[in-house]
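Hello,

Here is the structure I promised to pass on. Please open it next to this message; my notes follow below.

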Amino acid sequence: MFNPQASRSGAFGLRGALGPARGSVVVLVAAHLGLLVLNDLAAHRGLTLVFLMLGFAALWRALHRLRGRALPAVWLLSVALLLRLLLLPLAPTLSNDILRYIWDGRVVAAGHNPYLLPPEAPALEPLRDELWDGLHHRDVPTVYPPVAMAAFTLAASVPVPPGVQIFLLKILFILGDLAACAGLVYLAGRHSLSTERVAWYAWNPLVVLEVAGMGHIDALGVPWVVAAVCLLPLHKAGKALTAGLAAAGGALVKIVPLLAMPLWLRLARHRWRFIAGALAGLTLVLPVLVATGGVPPGLVRYGVSWEFNGPVYEPLWRGLDAVGSDRWAEGRLDALKQATGKHEAVNRLYPFNYPQLHAKLLLAAGLGIWLLLCWRSRDLVAGTGRLFGGMLLFSATLYPWYLLWVLPWAALCRQPAWLLLSALMPLSYLAQGTELPLFPGIFLLIWLPFAAVHLRYRRWSID
């Protein structure tokens, strides 16, 4: 039976929880509703950016007014859920990665090996339908680890049309993302931080778009990482074992957390338990390595060939090209060939002599140095954020959804440069799937403001 008194109490509860930010939260919800109305965001990129910028402006205004106030977790997570449900029906038009997820799951369910067979393989022809027609990179085998593949297979095995399978998979991503939000609330409480910091992630329009709208698997990897960070400082030995399993779980969704494991190991209270848990979880990747004879070919192809919006990579390879790094390296190879007489062996290196690969090798060296510097960190939350942030800066490929790995920690640390970047990164969609060049115009619009703020606020701190 309807209870007017309960209704009034609930309304006053909302007013009390959101206080002076109520209007801004309404605008935030309206911005997401605008994206839902557009539906095909790729066909309305300009309006999509307008609604996203409106959402970010409302988010900033809301959290500015809530700063220092106690924001009940139930309201924080309720708004987060509402925003994700609003974008759940969106068609994945800005990125169709989720089509590949369903395809890979379909391949596994049919008894084939997606790590060896690309979508265009003749053996997979009986599986083709309208979903296959929309796939990109049909000549590349899958790059996704076993836990991600299990999620894909689960969705693809449900006997419903592909559109419904996509919907179900996005629901799974939303649940994972909400679990990450709940974990961040726990971390905020443990560090005596106001929970409104978590809203920088939980209500972030880019996060909501990439998780619920476009449906990216990163949403299943982040909660594993949050769980590992939650468990690592605890004194009980069993928690360290579970933290290791959680860290492995994240790496089995996407390999990103592997880079953070040395840092987590150093900060773990029971290191051998953490190692045991991590190694036990990572054994799931052994069948893949055996079946492919080493690193999966799709992953090799990604590392060598993929590039988009890398903040250091884009200007670096162009600079190397301008100074003729390939010509210099060719001269060194010629000299090596003459000195050693091993013409056939040296000749194999010439196809790899080009500025883009030179830049990637330099970035790999830079990333190694960065990981060593981060390894010295004493702050688990800030150190994790700093590490993932550097990983992205040294990457040759940085799509908007990659920010999901760093934004939870930027939210807790209130790191302004990375929070600003989450608002700027949707500009890259102007160059994805269009003839509009990314470099230099859009690239500079994204990275110059970030660089300016980052130079001013480089420090990561939980304080």
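A search of the whole structure, which is a predicted model, turns up 14 aromatic pairs. One of them joins tryptophan 418 and phenylalanine 450. A ring pair is described by the distance of the centres and the angle of the planes. Here the centres are 5.0 Å apart, and the planes stand at 70 degrees. That makes the pair edge-to-face, because angles over 60 degrees count as such.

Where do the two residues sit? Tryptophan 418 is in helix H23 (residues 416-424), and phenylalanine 450 is in helix H24 (residues 438-456). The pair therefore ties together parts that are 32 residues apart in sequence. Tryptophan 418 is buried, and phenylalanine 450 is buried too.

The pair also belongs to a cluster. Ring pairs link Trp418, Phe439, Phe443, Trp447 and Phe450.

Next, charges over rings. Arginine 318 lies over the face of phenylalanine 439, 4.0 Å from the ring centre. Phenylalanine 439 is also one of the cluster residues.

Last, serine 24. This residue is placed in helix H2 (residues 22-38). Is serine 24 buried or exposed? Its relative accessibility is 10%, so it counts as buried; the cut-off is under 20%. Which residues does serine 24 touch, leaving out those up to four places away in sequence? They are Ala58, Arg61 and Ala62.

Best wishes

How values were computed:
Residues are numbered from 1 along each chain as its sequence is written. This is a predicted model: local features need pLDDT of at least 70, side-chain atom pairs count only at pLDDT 80 or more; totals for chains, interfaces and linings use all residues. Side-chain values use heavy atoms; hydrogens and water are left out. Helices (H or I, at least four residues) and strands (E, at least two) are DSSP runs, numbered from the N terminus. Buried means under 20% relative accessible area, exposed over 50%, partly exposed in between (1.4 Å probe, protein chains only). Contact means heavy atoms within 4.5 Å. Rings of Phe, Tyr and Trp (its six-membered ring) pair if their centres lie within 6.5 Å; planes under 30 degrees apart count as stacked, over 60 as edge-to-face and the rest as tilted. A charge sits over a ring if NZ of Lys or CZ of Arg is within 6 Å of the ring centre and within 35 degrees of the ring normal.
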